[in-house]
Amino acid sequence: MTRTSDDVHEALRGAVAQRAGVVWEAALALHADPEYAFAEHRAAGLLTGALAQEGFTVERGVAGMPTAFAARSGDGRPTVALLLEYDALPGLGHACGHNLIAAAGLGAALALHTVLGGAHGCVMAVGTPAEEGGGGKALEVEAGVFDGVDAALMFHPGVYDWRYAPLTAQVQYRVAFHGRAAHPTGNPTEGIDALAALVELFNVLAVVGRRLPEASHVQGIVTDGGRATNIVPEYAEGRFGLRALTTRALEDLAEQLRECAEGVARATGTTAEVERATVRYEHFRDSDVLSARFAEHLSGKGIVLAPPAAGVYLGSSDIGNVSARLPAIHPFVAIMNEEGSDHTAEFAEAAASERARTVLLAATEALACTAADVLLRPELREEAWRQHRARSAADL
């Protein structure tokens with residue numbers, strides 16, 4: 001007897017319900033034991049252990065990262081990837097709710113394995129380290145982990161119920177100036193003040209910032225300002241965080257930073273070095289058709305997702321790099337009220353609350369059902385890829 005989509009969805013809901021305790025316990029275990037970028041060894045061990053025990057084929061250390069993994073149920077196409085984040089924030093623990101992201105991906109993958117058993121393609125649970133700094137997903141994209149994948153799915157806890165995340169592109173640059181040391185009173189004319197050049201760069205960027213387009217900004221800090229007050233600094237260094245609405249706009253902003261630094265160097269008699277200091281996070285491109293499926297499934301639990309508020313941007317994520325290569329979703333589901341904010345102690349507390357448990361189980365169901373739609377409905381996959389290719393061609 002052939003099962004309908006409704007039959008599969010119902011079976012997946014039942015499978016999630018059966019594992020509700022296991023999924024929540026995983027979320028609490030991760031919450032109680034926060035680990036940081038590229039050092040999430042216990043988290044990766046917990047997750048891969050659960051997947052292997054259920055019959056997934058687990059590859060550890062993917063893309064050259066010891067705490068990254070790819071676990072598979074089934075093989076071939078179609079393939080759907082569930083993304084698991086599990087790094088925490090130093091000093092704040094899981095103040096971005098990554099414990100819930102990992103648990104939801106785990107629960108959805110286990111439910112799909114139970115119900116579909118790899119008979120309709122491949123379900124991947126992809127462990128993605130260092131979202132908070134380091135860009136595990138970006139490194140996995142470059143290493144080919146997502147080659148041959150038809151959709152990448154995850155959810156993110158937040159303070160809004162939004163169908164997709166307005167995430168900008170971001171990168172950090174190191175800017176250094178080289179001058180010449182001298183005694184500021186003994187032979188002041190011999191010195192070339194590298195710190196003065198760096199300060200001037202901050203001033204120039206403040207002026208540039210007044211005319212940057214929407215969602216673009218530069219924020220800098222001084223990382224090396226000299227060694228002693230009685231020596232004209234021969235070396236000074238700053239780090240600058242750049243964000244922009246799109247990846248193309250970020251490239252333009254990086255070029256402006258370079259031009260400003262070189263102009264300051266010419267004006268001050270110094271020399272400038274400008275180099276990228278981090279992995280670049282691309283802007284997020286939402287798969288409308290897949291986000292709509294997730295929202296519809298989630299609405300069955302009484303959680304209604306709306307489009308994001310105009311002009312509100314919620315940071316950046318390496319999910320953007322995935323979304324540049326294949327259809328992807330990254331909805332926000334609130335675990336605390338809009339007056340709150342992630343990256344706070346209050347949000348970390350909320351990530352282990354009863355509301356978080358309710359959201360986790362609802363999101364796990366919605367992810368599992370959306371993944372099943374990708375696997376079982378070729379017309380949905382075709383539409384998702386059509387939208388993706390159209391957006392890529394327009395370079396939005």
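Modeller: Let me start with a term we will need: a pocket is an open set of grid points with protein on both sides within 12 Å along at least five of seven lines. In this predicted model, the largest pocket holds about 730 Å³ of space.

Colleague: Thanks! What makes a residue part of the lining of the largest pocket, and which residues lie nearest its centre?

Modeller: A lining residue has an atom within 4 Å of a point of the pocket. By that rule the largest pocket has 37 lining residues, and Glu132, Arg243, Gly315, Ser316 and His343 lie nearest its centre.

Colleague: Which strands supply at least two residues of that lining?

Modeller: Those are strand 6 (156-158), strand 7 (169-178), strand 8 (217-224) and strand 9 (235-244). Strand 9 gives the most, with 5 residues.

Colleague: How do the lining residues of the largest pocket divide into nonpolar, polar and charged?

Modeller: There are 13 nonpolar, 18 polar and 6 charged residues.

Colleague: Which classes make up the lining of the largest cavity?

Modeller: It has 5 nonpolar residues, 1 polar residue and no charged ones. Leu and Val count as nonpolar and Gln as polar, so Gln256 is the polar member of the lining.

Colleague: Let's stay with helix 7. How do you know what span to expect for its 22 residues?

Modeller: The expected span is 1.5 Å times one less than the number of residues. For helix 7 that gives 32 Å, and the helix reaches 32 Å from its first C-alpha to its last, close to the expected value.

Colleague: Why do you say that the buried residues of helix 7 line one face?

Modeller: Viewed down the helix axis, the buried residues fall within an arc of 135°, so they line one face of helix 7. Among them are Thr247, Leu253, Ala254, Leu257 and Cys260. Their cover includes strand 7, helix 6, strand 8, strand 9 and strand 10 (271-276). The face turned away from the buried side carries the exposed residues Arg266 and Ala267. Just after helix 7, Gly269 takes a positive phi of about 75°.

Colleague: Why is Leu250 called buried?

Modeller: Buried means under 20% relative accessible area. Leu250, found in helix 7, has 1% relative accessibility, so Leu250 counts as buried.

Colleague: What is Leu250 in contact with, leaving aside its neighbours within four places in sequence?

Modeller: Contact means heavy atoms within 4.5 Å. By that cut-off, the partners of Leu250 are Ala169, Gln170, Val171, Leu242, Arg243, Ala244, Arg280 and Tyr281.

Technical notes
Residues are numbered from 1 along each chain as its sequence is written. This is a predicted model: local features need pLDDT of at least 70, side-chain atom pairs count only at pLDDT 80 or more; totals for chains, interfaces and linings use all residues. Side-chain values use heavy atoms; hydrogens and water are left out. On a 1 Å grid over the protein atoms alone, a cavity is a set of points where a 1.4 Å probe fits but cannot get out, and a pocket is an open set with protein on both sides within 12 Å along at least five of seven lines; lining residues have an atom within 4 Å of a point. Grid points are joined across faces, edges and corners, and a volume is the space filled by probe spheres set on the points. Helices (H or I, at least four residues) and strands (E, at least two) are DSSP runs, numbered from the N terminus. Buried means under 20% relative accessible area, exposed over 50%, partly exposed in between (1.4 Å probe, protein chains only). The arc is that of the directions from the helix axis to the C-beta atoms.
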